Amino acid sequence: MASHRVFHGVVRTLALGLVIAGTAGAQDTAAAAAERPVSSGVFSQQQATRGEGTYQTSCQSCHAKTEYTGDKFKVAWVSKSAFDIFDVIRSQMPEDNPGSLERQQYIDVVAYIFSLNAYPAGGAELPADDEGLKKVKIDSPPGSLDVASRAPANGFLHPRVTFRK
Ligand code: HEC
């Protein structure tokens, strides 16, 4: 009976989906252990100041600071990693000559963008390598409304997850 077989196929697919989802969840937890939120102080003040210099020479001619702050920043980058923002900027900017800056200059600009969004400076600079940058997670900027708190009052609220060192 064809519909019977289809039913079994669906059950198998669902079961497989659950197994895969379960495995992915476990991996997320393991990866989260090494993650650091930007709000924990992931760049130094000196690095942000260097980034500001790069921004003034290489970005300001096309971008106002407001393009990197407030809701624009949050919608584009919260829940992503420092690597994600670095990678977009490095591969696409400056728009008239992408990839033309030093790798370190791109990382410094990311530090500057974080500082514009009121994340506190810390004792060390952003990691210079891709893997290290991937572990730096962009959480909601300090003092801003939590993204989760914007959900409808009677809707499902995702539990606020805070990563600690
Ligand atoms: C010559 C002009 C120009 C310069 C210089 C420039 N940009 Fe851009 N940038 C643009 C344009 C135009 C866009 C929109 C591109 C698009 O949406 O496809 C953009 C988009 C962006 C975005 C959003 C990309 C995304 O996909 O969300 C970021 C972030 C950014 N620029 C950062 C920078 C930084 C940092 C610098 C300096 C290192 C810089 N830009 C220099 C013109 C420029």
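Two residues are in contact if their C-beta atoms, placed from the backbone, lie within 7 Å. Among contacts in this protein between residues at least 6 apart in sequence, 76% join residues at least 24 apart. This is a predicted model: local features need pLDDT of at least 70, side-chain atom pairs count only at pLDDT 80 or more, and totals for chains, interfaces and linings use all residues. Residues are numbered from 1 along each chain as its sequence is written.

Start with confidence. pLDDT is the predictor's confidence in each residue, from 0 to 100. The protein has a mean pLDDT of 81, and 67% of its residues reach 70 or more. Residues 17-22 stay under 50, and the model gives them 0 contacts beyond four places in sequence. Over residues 148-159 the pLDDT is also below 50, and this stretch has 5 contacts beyond near neighbours in sequence.

Now the layout. The protein has 6 helices and 2 strands. Helices (H or I, at least four residues) and strands (E, at least two) are DSSP runs, numbered from the N terminus. Along the sequence, the pattern is α-β-α-α-α-α-α-β.

How much of the protein is buried? Of its 165 residues, 24% are. A residue counts as buried if 20 or more other C-beta atoms lie within 10 Å of its own, as exposed if 12 or fewer do, and as partly exposed in between; these C-beta atoms are placed from the backbone.

The buried residues of α5 are Y106, I107, D108, V109, V110, A111, Y112, I113 and F114. They pack against α2 (45-58) and α4 (82-92). R103 is also in α5. R103 is exposed because it has 12 other C-beta atoms within 10 Å. Its C-alpha atom is 9.7 Å from that of D129, a residue 26 places away along the chain.

Follow V110, another residue of α5. V110 is buried because 28 other C-beta atoms lie within 10 Å. Leaving aside neighbours within four places in sequence, V110 is in contact with A82, I85, F86, I89 and L126. The C-alpha atoms of V110 and F86 are separated by 6.3 Å, although these residues are 24 apart along the chain.

In soluble globular proteins, nonpolar side chains tend to be buried together. A nonpolar core is a set of buried Ala, Val, Leu, Ile, Met, Phe, Trp, Tyr and Cys residues joined through C-beta atoms within 7 Å. The largest one here has 28 residues, and A82, F86, V109, V110, A111 and L126 touch the most other members. The elements that give two or more residues to this core are α2, α3 (70-77), α4 and α5. Helix α5 gives the most, with 8 residues. L126 touches V42, F43, Q47, A82, I107, V110, A111, L133 and V136, not counting residues up to four places away in sequence.

Next come the loops. P94 lies between α4 and α5. The peptide bond from M93 to P94 is cis, with omega near -10°. S79 is in the loop between α3 and α4. Its phi is near 85°, a positive value in a residue other than glycine. S79 counts as exposed because it has 11 C-beta neighbours inside 10 Å. A118 lies in the loop between α5 and α6 (130-134). A118 is not a glycine, yet its phi is positive, at about 70°. A118 counts as exposed because it has 12 C-beta neighbours inside 10 Å. A34 sits in the loop between α1 (2-32) and β1 (36-37). The C-alpha atoms of A34 and K135 are 6.7 Å apart, while the two residues are 101 apart along the chain.

Which residues come nearest to the ligand? Of the 13 residues around it, they are C59, C62, M93, P94 and E95. A residue is near a molecule or strand if its C-beta atom, placed from the backbone, lies within 6 Å of it. By class, the shell has 8 nonpolar, 3 polar and 2 charged residues. Here Ala, Val, Leu, Ile, Met, Phe, Trp, Tyr, Cys and Pro count as nonpolar, Asp, Glu, Lys and Arg as charged, and the others, Gly among them, as polar.
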